[in-house]
Amino acid sequence: MCIRDRSYTKQKGKLKYTELNIGDYVHLGKRSIISAGKIGNCVDIGEDCIIGQRAIIRGNSVVLPNSIVPPEGVVPPFTVYGGRPATFVAELPESVQEVFKHKAICEYLKFKRKPK
């Protein structure tokens, strides 16, 4: 299960809750806590991750398992981030987008075929 914590900002002494935008072909790992402001297309967030308030995870990126992306942190496109706090680990090739799409389609087909 992935937990979505509400992201907010303070304006004039009042709380203003912000929307979470999640792109296509996104995999959210088990037991991850998501408070991000935006998650782009073709993103893989590993298990047991914490994505801080208003963090931005750009498209075609990976957050390794057990990582913490700090509040207002940004994971650039075509990168792998990991650690506590999450830092740059590696670059990804431009072809990674097709890999993410294929993985998402395979997961969907497995889900769709499960007996009732």
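This is a short tour of one chain, stop by stop.

**Before you start**

The model is predicted: local features need pLDDT of at least 70, side-chain atom pairs count only at pLDDT 80 or more, and totals for chains, interfaces and linings use all residues. Residues are numbered from 1 along each chain as its sequence is written, and side-chain values use heavy atoms, with hydrogens and water left out.

**Stop 1: the whole chain**

Show everything. The chain holds one helix and 15 strands. Helices (H or I, at least four residues) and strands (E, at least two) are DSSP runs, numbered from the N terminus. Of the 116 residues, 33% are buried. Buried means under 20% relative accessible area, exposed over 50%, and partly exposed in between (1.4 Å probe, protein chains only).

**Stop 2: the sheet**

Select β5, β8, β11, β14 and β15. These five strands form an open sheet in that order, with mixed pairing. Two strands pair if DSSP finds at least two bridges between them. Start at the edges: β5 (26–28) and β15 (87–91) each pair on one side only. From one strand to the next, the twist averages 15°.

Now zoom in on β8 (residues 43–45) and β11 (residues 61–63). They run parallel, joined by three bridges. Find V43: opposite stands S61 in β11.

**Stop 3: the helix**

Select residues 96–113. This is helix α1, lying across β5, β8 and β11. Helix α1 runs at about 65° to β8. Axes are lines fitted to C-alpha atoms, for helices over the stretch in contact (heavy atoms within 4.5 Å). Angles run from 0 to 180 degrees between N-to-C directions.

Stay here and pick L109 in helix α1. Is L109 buried or partly exposed? L109 is partly exposed, because its relative accessible area is 31%.

With L109, they form a nonpolar patch on the surface, with about 510 Å² of accessible area together. Like charges are joined within 9 Å, nonpolar side chains (Val, Leu, Ile, Met, Phe, Trp, Tyr) within 5 Å.

**Stop 4: a loop**

Go to P77, in the loop between β13 (74–75) and β14 (79–82). Which residues does P77 touch, leaving aside neighbours within four places in sequence? They are R58, G59 and N60. The C-alpha atoms of P77 and N60 are separated by 5.4 Å, though the two residues are 17 apart along the chain. P77 is partly exposed, at 40% relative accessible area.

Technical notes:
Patches are made of residues with over 30% relative accessible area and no salt bridge: like charges are joined within 9 Å, nonpolar side chains (Val, Leu, Ile, Met, Phe, Trp, Tyr) within 5 Å. Accessible areas come from the Shrake-Rupley method with a 1.4 Å probe; for residues, only the protein chains shown count as cover. A salt bridge is a side-chain nitrogen of Lys or Arg within 4 Å of a carboxyl oxygen of Asp or Glu.
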